[in-house]
Amino acid sequence: MQDQLEEIRKKAKEEIKNAQDAKQLDEVRVKYLGKKGELTAVLRGMGGLSPEERPVVGSLVNQIRDELEMLIEAGEKHFANLEIEKKLKTENIDITMPSKKVSLGSIHPITQIVNDVKEIFIGMGYEIADGPEVELATYNFDKLNTPPDHPARDMQDTFYITDDIVLRSQTSPVQARVMETTKPPIKIICPGAVYRSDSVDATHSPVFHQIEGLVIDKHISMADLKGTLAMFAKKCLGEKTRIRFRPHHFPFTEPSAEADVSCFVCGGKGCRVCKGEGWIELLGCGMVHPNVLRNCGINPEEYTGFAFGFGVERIAMAKFGIDDMRLLYENDIRFLKQF
Ligand code: DAH
């Protein structure tokens, strides 16, 4: 029996040595150590041995099995390494090959203007306020002294969700919301999207952006309004920018004005951007109407204030020389990359 075992050991070692690849090696393992393998068969046949022989043969079988397992394991490692080496040789990486370009986005011109304006006003002690885009008609109109028969309330101009709920047509309702909940002094700006029932063309879009400003305190006058906006124009559009005010009408301010800035492209001489005028219309503004203060729970005898509002697209277009508003919404990366 021992001789038979030694014979198996020799044969198996020989076959392990001669195995050409992992598959052949595995076949050897199965042949000798598998469930139906030769060594296993010997173990099974041990029942017929005498009690003296049994431990001797048993330990020999174990010894041979351990040895074969060790050799097979070493062989497996050897073939695995060969496999890796082969891969490394054939699948070499061409490190000179250009990588795929990851194109970086850029900050959208509208966002850039909003960020600039925020920074300027934060520097003057303002806070940023926010309000809903789906707004109660009361805030969009009534509290802002805009009566039910006012043309701005027409279905032609404003998107109605229900009779009482609109998509805000301006950022001015945020004024009313802030005044209702804040005790003066108030100094806020509010950037945001607004909606109007306009068809799309080079200068119109049913969704666009405005920035609203509001200051309420004791003794606020038109001079504060003019000084603030003059300062803002210089910071936003360049130190040489001048500002002028023209009388205008808004329901929520009295007196009301529109402000123009000297063209920041030609400096006022007249060019394509200002259409030869030398001036560019910038914003609407005025002293907050006493009715509005009263509607929002502020005593007009004690407090006064000014407000202003302007379209972000208009400034972005003038500042970046964009002549079609639609470009701002198409998100063509080639366009956006320029700013
Ligand atoms: N809400 C006005 C508009 O959409 C802009 C405006 C004008 C806002 C005068 C104001 C203001 O706060 O005082 O045309």
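The following paragraphs describe the overall form of a protein chain and then one residue within it.

The model is predicted: local features require pLDDT of at least 70, side-chain atom pairs count only at pLDDT 80 or more, and totals for chains, interfaces and linings use all residues. Residues are numbered from 1 along each chain as its sequence is written, and side-chain values use heavy atoms, with hydrogens and water left out.

The protein chain contains twelve helices and nine strands, assigned as DSSP runs (H or I of at least four residues for helices, E of at least two for strands) and numbered from the N terminus. Its radius of gyration is 42 Å, well over the 20 Å that the globule rule gives for 339 residues, so the protein chain is more spread out than a compact globule. Here the radius is taken over C-alpha atoms, and the rule is 2.2 Å times the number of residues to the power 0.38. Along the principal axes, the C-alpha atoms fill a box of roughly 120 × 45 × 40 Å.

Of the 339 residues in the protein chain, 41% are buried, that is, under 20% relative accessible area with a 1.4 Å probe and protein chains only; exposed means over 50%, and partly exposed lies in between.

Beyond its neighbours within four places in sequence, Val207 is in contact (heavy atoms within 4.5 Å) with Ala193, Val194, Tyr195 and Tyr329. Ser197 is ten residues from Val207 along the chain, and their C-alpha atoms are separated by 8.6 Å.
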